[in-house]
Amino acid sequence: MQRLLAGNWKMNGLHAALAEIRALTRAFVKEHPPASLLICPPATLIAEAVAAAGGSPIAIGGQDCHALPSGAYTGNISAEMLRDAGATFVIVGHSERRHYHGETNLAVAAKAKAARRAGLTAILCVGENETDRDAGRALAVVTTQLKSSIPEDSTAADLVVAYEPVWAIGTGRNATSAQIGEMHEAVREALAARFGEAGRKIRILYGGSVKPENAKEILETPNVDGALIGGASLKASDFLAIVRACPVR
Ligand code: PEP
(Lines give C-alpha, C1' and ligand atoms only; values in the text may rest on other atoms or scores of the structure.)
Protein backbone atom coordinates (compact mmCIF):
# COMPACT_ATOMS: atom_id res chain seq x y z
CA MET A 1 0.00 0.00 0.00
CA GLN A 2 1.16 3.55 -0.66
CA ARG A 3 2.34 5.51 2.37
CA LEU A 4 0.38 8.53 3.59
CA LEU A 5 2.08 11.72 4.74
CA ALA A 6 -0.48 13.83 6.58
CA GLY A 7 0.01 17.34 7.94
CA ASN A 8 -2.00 18.50 10.96
CA TRP A 9 -1.95 22.29 11.22
CA LYS A 10 -3.88 22.24 14.51
CA MET A 11 -5.13 25.75 15.48
CA ASN A 12 -2.63 27.47 13.20
CA GLY A 13 -3.19 29.28 9.95
CA LEU A 14 -4.91 32.43 8.77
CA HIS A 15 -5.78 33.14 5.16
CA ALA A 16 -2.13 33.90 4.33
CA ALA A 17 -1.16 30.32 5.21
CA LEU A 18 -2.84 29.13 2.01
CA ALA A 19 0.38 30.26 0.33
CA GLU A 20 2.00 27.13 1.83
CA ILE A 21 -0.57 24.92 0.07
CA ARG A 22 -0.02 26.83 -3.17
CA ALA A 23 3.73 26.28 -2.79
CA LEU A 24 3.19 22.53 -2.31
CA THR A 25 0.83 22.44 -5.31
CA ARG A 26 3.49 24.12 -7.47
CA ALA A 27 6.14 21.65 -6.31
CA PHE A 28 4.04 18.71 -7.48
CA VAL A 29 3.40 20.00 -10.97
CA LYS A 30 6.51 18.18 -12.23
CA GLU A 31 7.35 15.96 -9.29
CA HIS A 32 5.48 12.71 -8.54
CA PRO A 33 5.30 12.25 -4.76
CA PRO A 34 6.38 8.89 -3.32
CA ALA A 35 3.34 8.83 -1.00
CA SER A 36 -0.24 10.04 -0.75
CA LEU A 37 -0.31 13.57 0.67
CA LEU A 38 -2.81 15.23 2.97
CA ILE A 39 -3.02 18.59 4.73
CA CYS A 40 -5.53 19.15 7.55
CA PRO A 41 -5.82 22.91 8.01
CA PRO A 42 -8.23 24.59 10.44
CA ALA A 43 -11.88 24.19 9.37
CA THR A 44 -12.03 27.87 8.37
CA LEU A 45 -9.54 27.22 5.57
CA ILE A 46 -10.75 23.86 4.25
CA ALA A 47 -12.77 25.07 1.25
CA GLU A 48 -10.06 27.48 0.12
CA ALA A 49 -7.36 24.89 0.75
CA VAL A 50 -9.25 22.47 -1.51
CA ALA A 51 -9.29 25.14 -4.23
CA ALA A 52 -5.59 25.94 -3.68
CA ALA A 53 -4.65 22.26 -3.95
CA GLY A 54 -6.82 21.72 -7.03
CA GLY A 55 -5.20 19.58 -9.70
CA SER A 56 -2.40 18.48 -7.35
CA PRO A 57 -2.03 15.18 -5.48
CA ILE A 58 -2.66 16.94 -2.15
CA ALA A 59 -5.86 15.92 -0.36
CA ILE A 60 -7.43 18.16 2.28
CA GLY A 61 -8.89 16.93 5.56
CA GLY A 62 -10.51 18.07 8.79
CA GLN A 63 -9.02 17.80 12.28
CA ASP A 64 -12.17 16.64 14.10
CA CYS A 65 -15.88 16.11 13.51
CA HIS A 66 -19.08 15.69 15.49
CA ALA A 67 -20.69 12.25 15.60
CA LEU A 68 -24.04 13.49 14.25
CA PRO A 69 -24.75 14.87 10.78
CA SER A 70 -26.51 18.05 12.01
CA GLY A 71 -28.32 19.49 15.00
CA ALA A 72 -28.20 21.89 17.93
CA TYR A 73 -24.49 21.57 18.73
CA THR A 74 -23.20 25.13 18.68
CA GLY A 75 -19.65 25.41 17.44
CA ASN A 76 -19.39 21.83 16.18
CA ILE A 77 -18.79 20.66 12.62
CA SER A 78 -20.16 17.42 11.20
CA ALA A 79 -18.36 14.96 8.94
CA GLU A 80 -20.92 15.78 6.25
CA MET A 81 -19.99 19.48 6.49
CA LEU A 82 -16.31 18.63 6.07
CA ARG A 83 -17.15 16.51 3.06
CA ASP A 84 -19.33 19.29 1.67
CA ALA A 85 -16.36 21.69 1.98
CA GLY A 86 -14.23 19.28 -0.07
CA ALA A 87 -12.41 17.33 2.65
CA THR A 88 -11.77 13.64 2.05
CA PHE A 89 -10.16 12.72 5.40
CA VAL A 90 -10.73 13.63 9.04
CA ILE A 91 -8.51 13.13 12.08
CA VAL A 92 -10.40 11.66 15.05
CA GLY A 93 -9.24 11.02 18.61
CA HIS A 94 -6.11 13.18 18.45
CA SER A 95 -4.52 13.20 21.91
CA GLU A 96 -5.18 16.95 22.17
CA ARG A 97 -8.90 16.28 21.66
CA ARG A 98 -8.81 13.41 24.15
CA HIS A 99 -6.96 15.59 26.69
CA TYR A 100 -8.51 19.07 26.32
CA HIS A 101 -12.02 17.97 25.35
CA GLY A 102 -12.28 14.79 27.41
CA GLU A 103 -12.98 12.60 24.39
CA THR A 104 -13.40 8.97 25.38
CA ASN A 105 -12.76 5.93 23.18
CA LEU A 106 -16.53 5.63 22.79
CA ALA A 107 -16.82 9.22 21.55
CA VAL A 108 -13.89 8.66 19.18
CA ALA A 109 -15.54 5.50 17.79
CA ALA A 110 -18.73 7.50 17.12
CA LYS A 111 -16.70 10.12 15.23
CA ALA A 112 -14.92 7.46 13.16
CA LYS A 113 -18.34 6.01 12.34
CA ALA A 114 -19.56 9.46 11.33
CA ALA A 115 -16.56 9.84 9.03
CA ARG A 116 -17.49 6.59 7.29
CA ARG A 117 -21.13 7.67 7.00
CA ALA A 118 -20.03 10.89 5.28
CA GLY A 119 -17.62 9.15 2.92
CA LEU A 120 -14.46 10.40 4.66
CA THR A 121 -11.43 8.33 5.63
CA ALA A 122 -10.87 8.58 9.39
CA ILE A 123 -7.34 8.93 10.76
CA LEU A 124 -7.85 7.44 14.19
CA CYS A 125 -5.18 8.46 16.70
CA VAL A 126 -3.99 6.33 19.59
CA GLY A 127 -1.00 6.68 21.89
CA GLU A 128 0.19 6.31 25.46
CA ASN A 129 1.29 9.11 27.78
CA GLU A 130 4.64 9.23 29.51
CA THR A 131 3.37 7.72 32.77
CA ASP A 132 1.96 4.73 30.89
CA ARG A 133 5.20 4.24 29.00
CA ASP A 134 7.33 4.51 32.14
CA ALA A 135 5.08 2.00 33.89
CA GLY A 136 5.46 -0.49 31.02
CA ARG A 137 1.79 -0.14 30.04
CA ALA A 138 2.23 1.41 26.58
CA LEU A 139 1.24 -1.68 24.57
CA ALA A 140 -1.76 -2.42 26.80
CA VAL A 141 -3.00 1.19 26.67
CA VAL A 142 -2.73 1.45 22.89
CA THR A 143 -4.34 -1.91 22.17
CA THR A 144 -7.23 -1.05 24.51
CA GLN A 145 -7.68 2.32 22.76
CA LEU A 146 -7.74 0.50 19.42
CA LYS A 147 -10.23 -2.11 20.57
CA SER A 148 -12.64 0.50 21.92
CA SER A 149 -12.33 3.27 19.37
CA ILE A 150 -12.41 1.46 16.01
CA PRO A 151 -15.99 1.01 14.77
CA GLU A 152 -17.07 -2.54 13.95
CA ASP A 153 -17.52 -2.14 10.22
CA SER A 154 -14.29 -0.23 9.41
CA THR A 155 -12.33 -1.20 6.32
CA ALA A 156 -8.88 -0.38 4.96
CA ALA A 157 -10.56 2.09 2.60
CA ASP A 158 -12.11 4.19 5.32
CA LEU A 159 -9.66 3.84 8.19
CA VAL A 160 -6.08 4.87 8.88
CA VAL A 161 -4.56 4.43 12.35
CA ALA A 162 -2.02 6.92 13.70
CA TYR A 163 0.20 5.87 16.60
CA GLU A 164 1.28 9.02 18.41
CA PRO A 165 3.03 8.65 21.75
CA VAL A 166 1.72 11.69 23.66
CA TRP A 167 5.16 12.42 25.12
CA ALA A 168 6.62 12.83 21.61
CA ILE A 169 3.97 15.23 20.22
CA GLY A 170 5.20 18.80 19.85
CA THR A 171 8.03 18.14 22.28
CA GLY A 172 10.90 17.53 19.91
CA ARG A 173 11.39 14.17 21.69
CA ASN A 174 11.47 11.15 19.46
CA ALA A 175 10.46 7.59 20.03
CA THR A 176 13.29 5.29 18.97
CA SER A 177 12.93 3.08 15.90
CA ALA A 178 12.76 0.10 18.26
CA GLN A 179 9.88 1.66 20.24
CA ILE A 180 8.06 2.63 17.05
CA GLY A 181 8.62 -0.79 15.46
CA GLU A 182 7.42 -2.66 18.55
CA MET A 183 4.22 -0.59 18.78
CA HIS A 184 3.46 -0.67 15.07
CA GLU A 185 3.82 -4.45 15.05
CA ALA A 186 1.41 -4.70 18.00
CA VAL A 187 -1.06 -2.39 16.22
CA ARG A 188 -0.73 -4.43 13.02
CA GLU A 189 -1.43 -7.68 14.90
CA ALA A 190 -4.42 -6.12 16.67
CA LEU A 191 -5.83 -4.96 13.31
CA ALA A 192 -5.23 -8.38 11.75
CA ALA A 193 -6.90 -10.10 14.72
CA ARG A 194 -9.92 -7.84 14.29
CA PHE A 195 -10.24 -7.61 10.50
CA GLY A 196 -8.29 -10.65 9.22
CA GLU A 197 -6.24 -10.10 6.04
CA ALA A 198 -7.98 -6.73 5.50
CA GLY A 199 -6.39 -5.52 8.74
CA ARG A 200 -2.98 -5.92 7.13
CA LYS A 201 -3.95 -3.31 4.54
CA ILE A 202 -4.93 -0.58 7.02
CA ARG A 203 -2.26 2.12 7.04
CA ILE A 204 -0.53 2.76 10.37
CA LEU A 205 1.05 6.22 10.60
CA TYR A 206 3.58 7.36 13.16
CA GLY A 207 3.27 10.82 14.70
CA GLY A 208 5.43 12.69 17.18
CA SER A 209 7.98 15.33 16.23
CA VAL A 210 8.52 13.93 12.72
CA LYS A 211 10.77 16.33 10.81
CA PRO A 212 12.99 16.36 7.73
CA GLU A 213 15.99 15.07 9.71
CA ASN A 214 14.31 11.97 11.18
CA ALA A 215 11.63 11.19 8.59
CA LYS A 216 13.61 8.67 6.53
CA GLU A 217 14.60 6.51 9.50
CA ILE A 218 11.06 6.57 10.91
CA LEU A 219 9.43 5.78 7.57
CA GLU A 220 11.81 2.86 6.98
CA THR A 221 10.71 1.21 10.23
CA PRO A 222 8.65 -1.95 9.54
CA ASN A 223 4.86 -1.42 9.61
CA VAL A 224 5.21 2.37 9.37
CA ASP A 225 2.90 3.29 6.50
CA GLY A 226 3.32 7.03 6.75
CA ALA A 227 3.40 9.89 9.21
CA LEU A 228 1.11 12.39 10.92
CA ILE A 229 3.09 15.59 11.07
CA GLY A 230 2.25 18.61 13.22
CA GLY A 231 4.80 21.43 13.50
CA ALA A 232 6.81 20.42 10.44
CA SER A 233 3.72 20.56 8.21
CA LEU A 234 3.17 24.29 8.69
CA LYS A 235 5.89 25.32 6.25
CA ALA A 236 5.78 23.94 2.72
CA SER A 237 9.59 23.69 2.69
CA ASP A 238 9.66 21.39 5.76
CA PHE A 239 6.75 19.26 4.56
CA LEU A 240 8.35 18.97 1.13
CA ALA A 241 11.65 17.89 2.69
CA ILE A 242 9.78 15.12 4.54
CA VAL A 243 8.02 14.05 1.33
CA ARG A 244 11.38 13.92 -0.45
CA ALA A 245 12.89 11.86 2.37
CA CYS A 246 10.11 9.26 2.11
CA PRO A 247 11.31 5.96 0.67
CA VAL A 248 9.37 4.74 -2.40
CA ARG A 249 7.30 1.62 -1.88
C1 PEP B 1 0.47 15.94 15.71
O2 PEP B 1 -0.05 17.04 15.67
O3 PEP B 1 -0.24 14.95 15.58
C4 PEP B 1 1.92 15.83 15.89
C5 PEP B 1 2.48 14.67 15.80
O6 PEP B 1 2.62 17.02 16.13
P7 PEP B 1 4.21 17.23 16.03
O8 PEP B 1 4.65 16.65 14.72
O9 PEP B 1 4.39 18.70 16.12
O10 PEP B 1 4.82 16.49 17.19
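1. Helix H5 (residues 105–118) packs on H7 at an angle of about 50°, and the two axes are 8 Å apart. From H5, the contact draws on Asn-105, Leu-106, Val-108, Ala-109 and Ala-112; from H7, it draws on Thr-144, Gln-145, Ser-148 and Ser-149. By class, the residues of this contact are four nonpolar, five polar and no charged. The model is a predicted one, and this applies to every point in this note.

2. H7 (residues 138–149) also meets helix H8 (residues 177–195): their axes come within 10 Å and cross at roughly 35°. H7 passes H8 in a right-handed crossing. On the H7 side the contact is made by Ala-138, Leu-139, Val-142, Thr-143, Leu-146 and Lys-147, and on the H8 side by Glu-182, Met-183, Ala-186, Val-187, Ala-190 and Arg-194. Eight of the residues in the contact of H7 with H8 are nonpolar, one is polar and three are charged.

3. A further helix pair is H1 with H10, whose axes come within 9 Å and cross at roughly 35°. The crossing of H1 and H10 is right-handed. Here Glu-20, Ala-23, Leu-24 and Ala-27 of H1 meet Ala-236, Phe-239, Leu-240 and Arg-244 of H10. The contact of H1 with H10 comprises six nonpolar, no polar and two charged residues.

4. Which residues of H1 are buried? They are Leu-18, Glu-20, Ile-21, Leu-24, Thr-25 and Ala-27. The cover over the buried residues of H1 includes E2, helix H2 (46–52), strand E3 (58–62) and H10. In H10, the buried residues are Ala-236, Phe-239, Leu-240, Ile-242, Val-243 and Ala-245. These buried residues of H10 pack against strand E1 (4–8), helix H1 (18–27), E2, helix H9 (215–219) and strand E8 (226–229).

5. The largest nonpolar core has 66 residues, of which Leu-5, Val-161 and Tyr-206 touch the most other members. Helix H10 (residues 236–245) gives the most to this core, with six residues. Apart from this core lies another, of 13 residues, including Ala-6, Leu-38, Ile-123 and Leu-205. In soluble globular proteins, nonpolar side chains tend to be buried together.

6. Val-161 deserves a separate entry. Leaving aside neighbours within four places in sequence, Val-161 is in contact with Leu-124, Val-126, Leu-146, Ile-150, Val-187, Leu-191, Ile-202, Arg-203, Ile-204 and Leu-205. Among these partners of Val-161 are Leu-146 and Val-187, which also take part in the contact between H7 and H8.

7. Is Leu-37 buried or exposed? Leu-37 counts as buried because its relative accessibility is 2%, and buried means under 20%. Leu-37 sits in strand E2 (residues 36–40). With neighbours within four places in sequence left aside, the contacts of Leu-37 are Leu-4, Leu-5, Phe-28, Pro-57, Ile-58, Ala-59, Phe-239 and Val-243. Two of these, Phe-239 and Val-243, are among the buried residues of H10. Leu-37 and Gly-181, 144 residues apart in sequence, are 22 Å apart in space, C-alpha to C-alpha.

8. Ser-95 belongs to helix H4 (residues 95–100). Ser-95 is buried, as its relative accessible area is 14%. Not counting residues up to four places away in sequence, Ser-95 touches Val-166 and Ile-169. Ser-95 and Ile-218 are 123 residues apart along the chain, and their C-alpha atoms are separated by 20 Å.

9. Most residues other than glycine have a negative phi, and most peptide bonds are trans. Lys-10, however, has a positive phi, near 55°, and is found in the loop between E1 and H1. Asn-223 likewise has a positive phi, near 70°, and its place is in the loop between H9 and E8. Asn-223 is partly exposed, with a relative accessible area of 25%.

Technical notes: Residues are numbered from 1 along each chain as its sequence is written. This is a predicted model: local features need pLDDT of at least 70, side-chain atom pairs count only at pLDDT 80 or more; totals for chains, interfaces and linings use all residues. Side-chain values use heavy atoms; hydrogens and water are left out. Axes are lines fitted to C-alpha atoms, for helices over the stretch in contact, and angles run from 0 to 180 degrees between N-to-C directions. Helices (H or I, at least four residues) and strands (E, at least two) are DSSP runs, numbered from the N terminus. A crossing is left-handed if the near helix is turned anticlockwise from the far one by less than a right angle, and right-handed if clockwise. Contact means heavy atoms within 4.5 Å. Ala, Val, Leu, Ile, Met, Phe, Trp, Tyr, Cys and Pro count as nonpolar, Asp, Glu, Lys and Arg as charged, and the others, Gly among them, as polar. A nonpolar core is a set of buried Ala, Val, Leu, Ile, Met, Phe, Trp, Tyr and Cys residues joined through side-chain atoms within 4.5 Å. Buried means under 20% relative accessible area, exposed over 50%, partly exposed in between (1.4 Å probe, protein chains only).
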